[in-house]
Amino acid sequence: MTASIGRRSAEWLPALGVLVAMIGLWEGLVKALHVKRFLLPAPDAIWRAFASNQSLLWRAGWWTFQEAFGGFAIGCIAGILLAVVVARFDLLGHALMPYAIAANAVPIVAFAPITNAWFNPLDKSSKMAIAAVLCFFPVFVNVVRGLRSVKPQQLELMRSYAVGELTVFRLVRVPTALPYLFTALRVASVLAMIGAIVGEYYGGSLDSLGANIEQDASLFQFERAWAEIVIACIFGIGFYLAVAAAERFATRWQPRIETSGS
Amino acid sequence: MSVVEIQGVSKEFKGGTVALQDIDLQIEQGEFVSLIGPSGCGKSTLLRVIGDLIEPSRGAVTVNGKSARQARQDHDYGIVFQDAVLYNWRTVAKNVALPLELAGWSRERRQARVEEMLDLVELRGFADHHPWQLSGGMQQRVSIARALSFDPALLLMDEPFGALDEMTRERMNAELLRIWEASKSTVVFVTHSIAEAVFLSTRIVVMSVRPGRISKVIPVDLAQPRGTATREEPRFFELATEVREALHLGGHVEVPA
């Protein structure tokens, strides 16, 4: 089941090669075509900006990540809890699911300026609020689907054992719903970072990434803005990978199908 | 005392479909009874009525002299479906142990019984595999081991080999007969294969469609133990013909396999 290190590196190397080639091409084209630095700075300039502002950048990234993670935790827990209730009571499901599915398709990030008005914009809570709302809907909708996707024969088998609803929930519904939950959590980890950063664009502490990106871009400090985007990528990808690792652990019984991304 | 006693059972589903009408049937200890009939004749419904998975609209069912509900609560029967219905997140051993776990058996007793059951279905060595690593036939054997693990008096089987290819099905038929003899349980077996019914059963209950009724009961007097040679005996063909004709009289027009 576990791939050997050798096979692993054989899978990773081509992707790493593409990354190096892309950065090389970027550097080469920017230099050769004399691209203006406000359009696209060269990678080496971004790297210099990154190296000379490291402590500030990591601090801002950590600040924003805390907002994203806080919102993620609140939104996901609320989504799971409501999903459990809704999956249990059909009537509630019929009443709520159409709206939840509709809300899932709404660009909720558009509410970011409003959550800034509800909470203190300099406080982390305003960004957590928007991240939480963003995370809530995909988790809620997917967990309801997961809890309901138990096959009728599995329920008949449990009925033949004459066990209670709680046992069925624990033994059948939860494990069935886990893959659905984690699909949503992976999406939510990305949405949480987007929500926190976009929230910061509309006003946030100068200790945060979004406020810094916004400010540096308006002050023509594009190399710094790009360095901040790099930090956002590092935190975002790290967050996503952590969720993916948790998924691998929680559903380690599943056959592994080689897929790229989600 | 009969293991299963069905008296005047009818089942109407919402919307007025009459799935079963006036079913009377007694099944004795050690019998292997097949329910055969065209799709929609209510054979699976009847099996579920015996298992108290569906409540009849009229009539009474007793299992081991108790109401069907009481029998279910007492774990008096094991059930096998067309799909193996294994839990992918559990290993083979843990799937087999599931009913024992629910009945509160200790870990040691569970482990010993699981080994015994895996021997019975010839899956020793697969205890730590996950269901998706097994073929369809092997999965179904796990499902049978699970159904028999708590030693129920009655085994209910709903087209358990319907999804398997013909070769695997014949092998599983022979396996099942061996297991049936070893476990001395009573089996109620739903199928739509005439050959399967004749090969396995001590008695075949032929059902007709709309409404679902018993049209004929055919005792099978083929010698035990049965094997590949049984399928080539003249008596096997006579019985198969008898079942086929009974199915046709019941309004069944498909050409049976």
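This is a predicted model: local features need pLDDT of at least 70, side-chain atom pairs count only at pLDDT 80 or more; totals for chains, interfaces and linings use all residues.
Local features need pLDDT of at least 70 and side-chain atom pairs count only at pLDDT 80 or more, while totals for chains, interfaces and linings use all residues. Residues are numbered from 1 along each chain as its sequence is written, and chains are lettered from A and ligands numbered from 1 in the order in which they are written.

**Exercise 1. Describe how helix 4 and helix 6 of chain A pack.**

Step 1. Two packed helices are described by the angle between their axes and the distance between the axes. Helices are DSSP runs of H or I with at least four residues, numbered from the N terminus. Axes are lines fitted to C-alpha atoms over the stretch in contact, and angles run from 0 to 180 degrees between N-to-C directions.

Step 2. For helix 4 (residues 90–104) and helix 6 (residues 124–148) of chain A, the angle is about 135° and the axes are 9 Å apart.

Step 3. Angles under 35 degrees count as roughly parallel, over 145 as roughly antiparallel, 65 to 115 as roughly perpendicular and the rest as oblique. Helix 4 and helix 6 of chain A are therefore oblique to each other.

Step 4. Residues of helix 4 of chain A that meet helix 6 include A:Gly93, A:Met97 and A:Ile101; among those on the helix 6 side are A:Phe137, A:Val141 and A:Val144.

**Exercise 2. Is A:Tyr202 buried, partly exposed or exposed?**

Step 1. A:Tyr202 is located in the loop between helix 8 (165–201) and helix 9 (209–218) of chain A.

Step 2. A residue is buried if 20 or more other C-beta atoms, placed from the backbone, lie within 10 Å of its own, exposed if 12 or fewer, and partly exposed in between. A:Tyr202 has 19 C-beta neighbours inside 10 Å, so A:Tyr202 counts as partly exposed.

Step 3. Contact requires C-beta atoms, placed from the backbone, within 7 Å. Neighbours within four places in sequence aside, A:Tyr202 is in contact with A:Ala112, A:Pro113 and A:Asn116.

Step 4. A:Ile114 is 88 residues from A:Tyr202 in sequence, with 9.5 Å between their C-alpha atoms.

**Exercise 3. Describe the domains of chain B and where they touch.**

Step 1. Domain bounds come from an automatic or database domain assignment. Chain B has domain 1 (31–76 + 153–257) and domain 2 (86–151).

Step 2. The centres of these domains of chain B, taken over C-alpha atoms, are 24 Å apart.

Step 3. In chain B, 13 residues of domain 1 are in contact with 12 residues of domain 2. Helix 6 (residues 166–183) of chain B supplies 6 residues, the largest share of the domain 1 side.

Key
Helices (H or I, at least four residues) and strands (E, at least two) are DSSP runs, numbered from the N terminus. Two residues are in contact if their C-beta atoms, placed from the backbone, lie within 7 Å.
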